[in-house]
Amino acid sequence: MTVQRSQQKVEANFLLLGAESVGKSALTVRFLTRRFIGEYGDIESIYSHTDRIDGRDICFNIWDSLCPQNDEGAGHISDRQLQWADGFILVYSICDRASFNVVRQQVKRIRQAKSKFPGAPPIVIVGNKRDLQHRRTVSSEEGRLLTLSTNCGFFEISAAETYHGVQLVFHELLDLIREARALKKGAAGIKGIVRSMSAVFGRKRTE
Ligand SMILES: Nc1nc2c(ncn2[C@@H]2O[C@H](COP(=O)(O)OP(=O)(O)OP(=O)(O)O)[C@@H](O)[C@H]2O)c(=O)[nH]1
C-alpha cells in the first residue's frame with residue numbers, strides 16, 4: 001500500500017526589515033535569483049517565489065521593505081506590515097552599530113504587538129556584510145546575546161559572498177513559521193475539545 005502525502009501548497013509571508021543600506025534587497029535578490037548584483041535602487045516590493053522543499057511546493061511571499069525616512073524613525077513598523085507578516089527577517093550590518101540598534105527597537109516592537117500565533121511571532125535576526133571583517137563594529141557575541149534574550153534565530157552572513165547563508169535564513173524562518181502554525185492548530189484543537197467537553201458536562205450539570 002502506498003501512503004499519499006498531502007500535496008497542499010504551503011504559503012508564508014516573510015517581511016524584511018532593518019535600517020537603510022544593510023542589504024535587505026541584496027538578501028532578497030540573492031534568495032530569488034542566487035545572484036548578487038551590487039546595486040538595487042529604492043524599490044519597495046512584494047515578490048512571490050515557489051521552491052520545492054522535501055517534495056512540497058512552498059510559496060515564499062517576500063516583502064522587501066524600505067527603511068522609513070519620515071518622523072516615525074528607522075525602527076518604525078506599520079500595523080499593516082505586522083498584520084501581513086507570518087515571520088520577520090531583521091537585518092543589520094556588522095559594520096554599522098546604528099543599524100544594530102534599529103534591529104533592537106524592531107524586535108521590541110514586534111514582541112509588544114499582538115501576535116497571529118499563540119506564542120511570539122517568528123523572527124530571524126541577520127548580521128549581514130560578514131565579508132567586511134576589517135570594518136566590523138558589532139561583535140558576533142552581541143548579535144547572539146540579543147537573539148538569545150529575545151528568542152530569535154540568528155545568522156551572520158554575507159549576501160555578497162554566498163547564496164547558501166541566505167538560503168539558510170529563509171529556510172530557518174520557514175521552519176519557525178511552520179512550528180508556530182502547528183502550535184496554533186494544536187491550541188485550536190485543544191480549545192475545541194475543551195469547548196465540546198464543557199458543552200457536554202455543562203449541560204449535564206444543569207439537568
Ligand atoms: N560588502 C558587502 N556589501 C553588501 C552586502 N550586502 C549588500 N551590500 C551592499 O550594501 C549596499 C546596500 O544594499 P541594499 O541591498 O540596497 O540595502 P537595503 O537594506 O535594501 O537598502 P534600502 O533599500 O536603502 O533600505 C549595496 O551597495 C550593496 O551592494 C554584503 O554582504 N557585503
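Pairing is assigned where DSSP finds at least two bridges between two strands, and helices (H or I, at least four residues) and strands (E, at least two) are DSSP runs, numbered from the N terminus. Within this pairing, Val-10 has Ile-58 in strand 3 as its bridge partner. The structure is a predicted model, in which local features need pLDDT of at least 70, side-chain atom pairs count only at pLDDT 80 or more, and totals for chains, interfaces and linings use all residues. Residues are numbered from 1 along each chain as its sequence is written, and side-chain values use heavy atoms, with hydrogens and water left out.

Strand 1 also pairs with strand 4 (residues 87–93), again in the parallel sense, over 5 bridges. Here Phe-14 stands opposite Gly-87, and Gly-18 has Val-91 as its bridge partner. In general, strands of a sheet pair through backbone hydrogen bonds, either parallel or antiparallel. Buried means under 20% relative accessible area, exposed means over 50%, and partly exposed lies in between (1.4 Å probe, protein chains only).

Helix 1 is mostly covered, with 8 of its 10 residues buried. The buried residues include Lys-24, Ala-26, Leu-27, Val-29 and Phe-31. Just after helix 1 comes Arg-34, which takes a positive phi of about 70°.

In helix 4, the buried residues are Ser-140, Gly-143, Leu-146, Thr-147 and Thr-150. They cover an arc of only 130° around the axis, which puts them on the same side of helix 4; the arc is that of the directions from the helix axis to the C-beta atoms. Their cover includes strand 4, helix 3 (97–112), strand 5 and strand 6. On the face turned away from the buried side, helix 4 carries the exposed residues Leu-145, Leu-148 and Ser-149. Thr-150 counts as buried because its relative accessibility is 19%. Not counting residues up to four places away in sequence, Thr-150 touches Val-107 and Arg-111, where contact means heavy atoms within 4.5 Å. Helix 4 is followed by Asn-151, with a positive phi near 60°.

Leaving aside neighbours within four places in sequence, Val-22 is in contact with Val-91, Tyr-92, Ser-93, Ser-99, Asn-128 and Lys-129. The C-alpha atoms of Val-22 and Tyr-92 are separated by 5.4 Å, although these residues are 70 residues apart along the chain.

Val-22 also belongs to the lining of the largest pocket, where Ser-21, Val-22, Gly-23, Lys-24 and Tyr-40 lie nearest the centre among 25 lining residues. A pocket is an open set of points on a 1 Å grid over the protein atoms alone, where a 1.4 Å probe fits, with protein on both sides within 12 Å along at least five of seven lines; lining residues have an atom within 4 Å of a point. About 530 Å³ of space lies in this pocket, the volume being the space filled by probe spheres set on the points, which are joined across faces, edges and corners. Helix 1 gives the most to the lining, with 3 residues.

Overall, the protein has 5 helices and 6 strands, running β-α-β-β-α-β-α-β-α-β-α from the N terminus on. Buried residues make up 44% of its 207 residues.
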